[in-house]
Each structure stands twice: as structure tokens, then as C-alpha cells.
Amino acid sequence: MDGHDASKITLRRLLEVDEERLVAASPLFDGPVTPELARHFLRRPGHHLLLAENADGAAVGFVTGN
């Protein structure tokens, strides 16, 4: 896991209120995540995003699904 202690990883399901958290995780994605894109993504019905965060709260991975 790239030096991360898996026992200290937290999975967080992002909700509409987590726009800033998604923007901060932008380096994990293929392209930059703008606030507008984050808002659209998180409000999409039936779409789910789990963000993996280390003990410091930094995003280290994600998984999405419909």
C-alpha cells in the first residue's frame, strides 16, 4: 500500500456535503477535480464513491460504483 499502514486507513462514503474533500483528492484521479465537477459527481443519483484516507486524513485511494 505504498507505505501506508492498512490498519490506519479509513473508508469514507462521500456525500453531497463532501465536495471539498473530493476536490482535495484530485491527484488520485485522471484529471483535475474542480468544485463544479465534484458537485455534479456527488449529486448524481445512484453513484457512490468511497474515499480511503490515512491517519492524517489525506486521501490515498478510492472506489466508485453505480
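This is a predicted model: local features need pLDDT of at least 70, side-chain atom pairs count only at pLDDT 80 or more; totals for chains, interfaces and linings use all residues.
**Entry 1**

Next I looked up what R43 pairs with. R43 forms a salt bridge with E16, and the closest N and O atoms are 3.4 Å apart. The two residues link distant parts of the chain: E16 is in the loop between β1 and α1, R43 is in helix α2, and 27 residues separate them. I checked E16 too, and at 46% relative accessibility E16 is partly exposed.

**Entry 1: helix to helix**

I then turned to E19 and R39. They form a salt bridge whose closest N and O atoms are 2.9 Å apart. E19 belongs to helix α1 and R39 to helix α2, so this pair ties together parts that lie 20 residues apart in sequence.

Is E19 buried or exposed? I found E19 buried, because its relative accessibility of 19% is under the 20% cut-off. R39, on the other hand, is partly exposed, with a relative accessible area of 29%.

**Entry 2: strand to strand**

How many salt bridges does a search of the whole structure find? I noted six.

One of the pairs I looked up is R12 with E53, where the closest N and O atoms are 3.1 Å apart. R12 sits in strand β1 (residues 10-13) and E53 in strand β2 (residues 48-53), so the pair ties together parts 41 residues apart in sequence. I wrote down that E53 is buried, at 3% relative accessible area, while R12 is partly exposed, at 31%.

I also followed these two residues further. R12 and E53 are joined with D18 and R21 in a network of salt bridges.

Last, I visited the loop between α1 (19-24) and α2 (35-43), which is where F29 has its place. Which residues does F29 contact, leaving aside its neighbours within four places in sequence? I listed L22, L49 and F62. I also checked F29 against T10, which is 19 residues away along the chain, and their C-alpha atoms are separated by 19 Å.

S26 is found in the loop between α1 and α2 as well. I noted S26 as buried, because its relative accessible area of 14% is under 20%. Not counting residues up to four places away in sequence, S26 touches G31, P32 and V33.

Terms used:
Residues are numbered from 1 along each chain as its sequence is written. Side-chain values use heavy atoms; hydrogens and water are left out. Helices (H or I, at least four residues) and strands (E, at least two) are DSSP runs, numbered from the N terminus. Contact means heavy atoms within 4.5 Å. Buried means under 20% relative accessible area, exposed over 50%, partly exposed in between (1.4 Å probe, protein chains only). A salt bridge is a side-chain nitrogen of Lys or Arg within 4 Å of a carboxyl oxygen of Asp or Glu.
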